Every structure is written in structure tokens, then in C-alpha cells.
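Take a slow look at the protein shown here. We will walk through it step by step.

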Amino acid sequence: MLPYKSLIQLDRDSSIALYIQICNNFITLITKGILQPADILPSSRILADLIEVNRNTIKLAYEELISQGWAESIERKGVFALSNLPIRSTNKMDHELEKFKSDESFIWNKPPEISGERAHFKKLNLTIDGGFPDVRMTPVDLLMREYRSISRKFYGKDFLKYGNPKGSERLRIILSSYLANTRGLVVNPENILITKGSQMGIFLSAQLLLNPLDHVAVGVSNYNAADETFQYRGANLVRIPIDEYGMDVDYLEDVLREKNIKAVYIVPHHHFPTTVTMIMERRLKLLNLAKEYRFAIIEDDYDFDFHYNNKPYLPLASIDHHHNVIYIGSITKTFAPALRIGFLISSQPFVEAATALRHMVDRQGDSLLEEAFSALFENGEMERHYRKSLKVYKTRRDLFCELLQKNFNGVIDFKIPEGGLAVWSVFDKNIDLKKMSENALSNGLNVEDGSFYKNEVFNVNGIRMGFASLNEAEIQQALDILKKSL
Ligand SMILES: Cc1ncc(COP(=O)(O)O)c(C=O)c1O
């Protein structure tokens, strides 16, 4: 008999029932080839003694194993691993798996590799990220309470069925009044498509607006993932300078006289990566140009909620009278990046088209999650969380900037950001950011090496330094390590 006492690992504190754990252990033994097809399983009495559980638990585990089709019970003989399971020998399996590591013989459209710090950060206690929220503050318990409560209700079962690809109607209704109250954006629920974050909105817009070889205007510095999304569509990027007032719309106008630009992608609230806010005069000019030259504006307002000094600017979409703007937002930065809820807002025909396209790649969002978020918006918890975060992040921003000023004078050039969750920090040109990032890593701190922000024309020795996800003690500690790593 196999050494089941050591082979079967149980976590008695887990919320997963013991019989399910035992069943899963047997499945692993079978799939790994440790238990071969037609092998007999130990009797429930012997196994119960060995691993110190009730005999009925083993019986339940075997019943589960049988009902899942891994084992069979033969009268008066016992329980056996199914004889005709398509399980291969371990060696052969390893060989088969090796094959998947090499390139195929067919041709496909390779997207660029995933770049940015998210892909490379190690699991460390301290990380200066690119500007993410502090998920320790996320009221996930409240969200889960709503989730549980809806799923338990009779009507909650409906949310387990296929639902509306446009997203929960309840969420779209509450969002339409939320957007009107917070940013003067007056839209019908029908003008809203719930997406899985802003990135999906960028992707859908790129697909719908652009054809291969079309021109799309973007900032000289720009959100790298947006650039890649447009390029993957086959579009050509036309780089427009960004200064301290936002995108240079006069330059854009000159370009428009010569080139047919199909769309302009812009982050007017806090430009990525430099965090500058576009001034009103330029916003109005951009909207007029869009009307005159008939291009679409993809307005990425991914972190609207965080503005510290005064009231945030209204989005372009709120002052667009000619329906040129596709407004993209999300709550991933305000709530938690992993809870993928965003929105795309535009004219009804565009939203219908975006819905049809989304339906092809991801039939619909997570209806239950969307309902749970609706409840948090309705009962004011979302608002409370925003307010609390804003206050905490402002204190963190101020401390972060104060320490930068004090300890990195002459080394880091930066402006205190009016909004967002990061400081755009330009390092002295003699500092090798790659080396600094490696040094920091060996000192226990993740920090970017700047490569994410560079492109064919933008080559500034800078990184975004997120202040929001670190508490005050951690900010001190992280900046101490950073200084040591220079
Ligand atoms: C400028 C910009 N747009 C969009 C996104 C994507 O955000 P989401 O998580 O909502 O997809 C990010 C994420 O960092 C971003 O920085």
C-alpha cells in the first residue's frame, strides 16, 4: 500500500471540507501516475485510521471521486482508480509538456511582450509602484457582504445565468447618476458599456476606430499599453508634444492639416506618465478640432477620483457637444486593480458596436460582482471609500514629496502632482536607473528601472513613483533604501 499518511496532505483550518480535500489528493495521485489505472484504493476504515479522520469522511470522499469519474466501486472488492483513465506515464508526460515550450510551425500575430514593472516585480514587502492604490484600505469585506447577500437571494440566481453583455443595468443606472454628480457627465445607462477596466475600453476603441495604416495621435510620452494596443491594430502612431499644460494642440492642428488622423488618445486629467493636467483652453481647442477634422477623442480618465488641490477638471466628454469623445474610466485605481470593473461611454451606436465586439472576446462581465458594486454605490460606501482614500493619499503625497525635496535635492527633479497616485520623477542623467533598480532590489525594495516609459522618441531618465500604496513608515523606509541604492 502507498504511504497515504504522508501522501495525503490535509489543511484542517481550511474552509474547504475535508472530504473534498481528500478527494482532490486522490485526483492528484491519479493524474501524477502515483496511483495507476485500476489500482485499488485503501479501505475507508484503514485510511480513516491512517490520516485520522472520521470513516464517513473517507466514504464521502470516495463517493465524490466516483461521481467525478475518477474511480469506481466494485461490489465486495472495494474502490478502484478507473481502469480506462487516459493517464500517461510521467516520463511521457514530461516529454509532451516540453513540446509546448517551443514555437509552433504556424504563423500568428504576436503581440508585444508584457512590459512594465507589474511583470517583473518580485514578491517583497516594499515596492514603489507606478501609482497604484493601497489595497489594504479597500473595503473588500463590504463588497463580499453584498456579493454574498445577492447570491443568497432568490433573484440572485439569475445573475448566474448569461446576462447582458453591456453589463448590469443596475450598475449602469447608478453610474449614470454618479458620473453626472461627480463630473457633470450626463448620459443614459444605454450610453454605458461596463468593461473589465480601462484597458478593455482602449482595446475596443482601437478596434472600432482604426484600420491598419490609419494614423492615431498620441503623446510624445504616453501610456505604453495604449501605444501597443494601437500598434497591434496596425495603426501608425503620430506623436504630439506634451508640455506642462497638456497636449500641444497647436502642433496637433498643424499635423491635422497634412494627415488624416482618425483618433487622438489622451489622458487629459493626469497625463501618463508625467501627470500634467491639460488646461481648459487646450481642451476646448481639441474639441473644436475634433469637430472640424472629424476625428474621435479617446479620453482615458483612468484615475479621475484622485485630485488633491481643488475640484478636478470636468472631462472633455462632459463638454463635448458633438459626440466626438469616447470616455473611458474605471474603478480599478479607486477600489482594487484586480477587481476588473470599468466603463466606456459614447454615443449609443458606438456603445452598441463596442458591446458586440466585447461579446466576441468576453461574452459578458461578472454579473454578481457588478451587482455588488451597484449596492456599494447605492448605499454610499463607494463614496465613503473615495473620500477616505483621497485624504490618506494626500497626506502620503505630501510626505513623499517633502522627503524627495529634502533627500534627493539635485538628484530628482519633480513637481508635486495635483492628482493621481504617482510622482513623475526625473533623475539626474548620470544615474543609471537600471542599476539603481537592481541595487534597490538587493536592498529589499522594488522600484522601476524606467524602461516602461521610454519609446522611440521619449528617452527621459525618469520613473513614476507611486506614493499611495505605502503608509507613512513605509514611505520613509522605501526612500531611505532608494537613497542608499543610488
Ligand atoms: C493611463 C492608464 N490607462 C489605463 C490603465 C489601465 O487601467 P485598468 O486597470 O482600469 O485597466 C492604466 C493602468 O495603470 C493607466 O495607467
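Where is T275 found? T275 sits in the loop between β9 and α12. Keep in mind that this is a predicted model. The phi angle of T275 is near 70°. That is a positive value in a residue other than glycine. T275 has a relative accessible area of 10%. Buried means under 20%, so T275 is buried.

Now move to another loop. H323 is found between α13 (316-319) and β11 (325-330). Phi of H323 is positive too, near 60°, and H323 is not a glycine. Is H323 buried or exposed? H323 has 62% relative accessibility. Exposed means over 50%, so H323 counts as exposed.

Step back to the whole chain. The protein has 486 residues, and 50% of them count as buried. Its secondary structure comes to 18 helices and 16 strands. Along the principal axes, the C-alpha atoms fill a box of roughly 85 × 55 × 55 Å.

The chain is divided into three parts. Domain 1 covers residues 4-81. Domain 2 is made of 117-132 and 384-485. Domain 3 covers 162-379. How many Å apart are the C-alpha centres of domain 1 and domain 2? These two centres lie 51 Å apart.

Next comes the ligand. A backbone N or O atom of S198 lies 2.8 Å from an oxygen atom of the ligand. The side chain of D300 has an N or O atom 2.5 Å from a nitrogen atom of the ligand. R340 also uses its side chain: one of its N or O atoms is 2.8 Å from a ligand oxygen atom. How much of the ligand does the protein cover? On its own, the ligand has 390 Å² of accessible area, and the protein covers 96% of that.

The protein has 27 salt bridges. Start with K5 and E52, whose side chains meet at 3.8 Å, N to O. K5 lies in helix α1 (residues 4-7). E52 lies in the loop between α3 (44-51) and α4 (55-67). The pair therefore ties together parts that are 47 residues apart in sequence. K5 is exposed, with a relative accessible area of 52%. E52 is exposed as well, at 57%.

A second salt bridge joins E474 and R136, at 2.8 Å from N to O. E474 belongs to helix α18 (residues 472-485). R136 lies in the loop between β3 (126-128) and α7 (140-152). So this pair ties together parts that are 338 residues apart in sequence. E474 is buried, at 15% relative accessible area, whereas R136 is exposed, at 51%.

E190 is partly exposed, at 31% relative accessibility. K166 is buried, at 3%.

Salt bridges can also join up. D250, E253, D254, R257 and K285 are linked in a network of them.

L289 is found in helix α12 (residues 280-293). L289 is buried, with a relative accessible area of 3%. L289 and L390 are 101 residues apart along the chain, and their C-alpha atoms are separated by 34 Å. Now find D449, in the loop between β15 (445-447) and β16 (462-466). D449 counts as partly exposed, at 24% relative accessibility. How far is D449 from Y265 in space, C-alpha to C-alpha? The distance is 25 Å, and in sequence D449 and Y265 are 184 residues apart.

Key:
Residues are numbered from 1 along each chain as its sequence is written. This is a predicted model: local features need pLDDT of at least 70, side-chain atom pairs count only at pLDDT 80 or more; totals for chains, interfaces and linings use all residues. Side-chain values use heavy atoms; hydrogens and water are left out. Domain bounds come from an automatic or database domain assignment. A polar contact is a pair of N or O atoms within 3.5 Å; within protein, one must be able to donate a hydrogen and the other to accept it, and residues adjacent in sequence count only if both atoms are side-chain atoms. Accessible areas come from the Shrake-Rupley method with a 1.4 Å probe; for residues, only the protein chains shown count as cover. A salt bridge is a side-chain nitrogen of Lys or Arg within 4 Å of a carboxyl oxygen of Asp or Glu. Helices (H or I, at least four residues) and strands (E, at least two) are DSSP runs, numbered from the N terminus. Buried means under 20% relative accessible area, exposed over 50%, partly exposed in between (1.4 Å probe, protein chains only).
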